Amino acid sequence: DLCSRAVERTYSAACIAGVDEAGRGPLAGPVVAAACVWPLDEPPLEGIDDSKALTAERRDALFALISGNPRVGIGVGIVDHQTIDRINILQATMLAMRIAVEDLPPAFVPDLALIDGNRCPQDLRCASEALVKGDARCYSIAAASIVAKVTRDRLMTELHAAHPQYGFDRHMGYPTREHVDALHKHGPTDQHRRSFNPLRTWIAEGKIEGEFPPPSALDPAPRKRGRPGKVKVATSAAVGELGVDAPSRSLSYSSSSSESALGEMRLATGKSTTGSETAAAPPGAPAAASKRSAREGARKRAAVEVEGAAGGDGDGGRPVARRTRRSTAATTKGGGE
């Protein structure tokens with residue numbers, strides 16, 4: 001029974017936020033995350049559950065009660081489709097969750113964030129713990145899932161008004177048969193995610209114009225092995241352009257204020273790149289292939305020649321290269337070590 005708040009009561013933290021997202025799978029629109037702080041001494045609402053288990057009408061009714069309660073803290077994070085294409089959907093989701101926690105009102109700054117799923121965003125303002133299927137186990141996460149889902153659905157309904165031929169008010173951007181058929185018939189809108197199929201394949205095959213990943217003025221440094229570096233981006237410019245007013249006191253959204261508050265964020269995967277790094281040459285380029293061959297040859301020769309000197313971390317703590325079969329065979333032929 002979620003209303004018993006059993007999960008939250010197992011923690012000693014005084015202020016706990018539940019965090020969940022909506023919109024990882026759709027072909028269009030933003031990913032939205034919400035953070036909800038429901039104090040343990042505040043009576044629970046009957047009917048709070050994982051948003052996916054509720055009807056749209058029930059979600060709307062609960063959303064009004066949640067957002068209208070001044071004793072409940074709500075924060076929302078929105079990351080647009082362009083940022084999703086640039087840093088991938090996983091990192092965009094982690095970013096949206098961090099923004100949601102940062103967006104909580106000052107009176108509801110949490111000591112602990114319980115995150116739905118199996119991983120937590122980096123650099124949260126508080127301790128965090130991931131809970132698999134948390135939206136079905138934890139009251140605060142379930143409440144956050146309702147806020148995230150309703151917020152995103154309303155954004156997609158506004159998008160439907162601009163592009164009624166796609167049926168966004170029915171499928172909310174998810175890859176239903178109706179949506180995919182509309183893509184084939186009408187082509188993509190500027191709100192569709194270019195990193196998701198079928199658009200990614202169409203771009204690669206030259207069937208539609210576009211680039212993947214799209215160029216970014218916010219992320220000018222070249223990337224290593226396709227991983228993102230530092231990204232100075234907070235929330236959705238494109239969603240902000242829709243002119244959607246937030247439906248409650250705590251869901252007001254300003255891309256400029258969120259960006260200045262967050263600053264630069266180091267993403268959860270990959271090292272930060274610097275301006276001094278050079279971009280890798282295209283595959284098959286003769287110069288790059290020659291350099292790679294030279295490096296591989298040098299590594300092989302070094303591995304053959306290395307003997308197990310000092311038996312541990314040598315050269316200032318760097319690991320000693322492992323012997324190859326060739327070097328082992330050579331020492332055996334020579335009468336052992």
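Author: A salt bridge is a side-chain nitrogen of Lys or Arg within 4 Å of a carboxyl oxygen of Asp or Glu. Keep that cut-off in mind for this predicted model.

Reader: Which side chain of opposite charge is nearest to D116, and how far away is it?

Author: D116 is buried. A salt bridge needs a distance within 4 Å. D116 has none, for the nearest side chain of opposite charge is K52, at 5.7 Å.

Reader: Which backbone nitrogen lies 3.2 Å from a polar atom of the D116 side chain?

Author: D116 sits in strand 4, which covers residues 112–116. Beyond four places in sequence, its contacts include K133, G134 and D135. One of these residues places its backbone nitrogen 3.2 Å from a polar side-chain atom of D116: D135.

Reader: Is K149 buried or exposed?

Author: K149 belongs to helix 5, residues 139–162. Its relative accessibility is 17%. Buried means under 20%, so K149 counts as buried.

Reader: Which residues is K149 in contact with, leaving aside neighbours within four places in sequence?

Author: Contact means heavy atoms within 4.5 Å. With the sequence neighbours set aside, K149 touches A22, S51, R59, M172 and Y174.

Conventions
Residues are numbered from 1 along each chain as its sequence is written. This is a predicted model: local features need pLDDT of at least 70, side-chain atom pairs count only at pLDDT 80 or more; totals for chains, interfaces and linings use all residues. Side-chain values use heavy atoms; hydrogens and water are left out. Helices (H or I, at least four residues) and strands (E, at least two) are DSSP runs, numbered from the N terminus. Buried means under 20% relative accessible area, exposed over 50%, partly exposed in between (1.4 Å probe, protein chains only). Lys and Arg count as positive and Asp and Glu as negative; His and the chain ends are not counted. A polar contact is a pair of N or O atoms within 3.5 Å; within protein, one must be able to donate a hydrogen and the other to accept it, and residues adjacent in sequence count only if both atoms are side-chain atoms.
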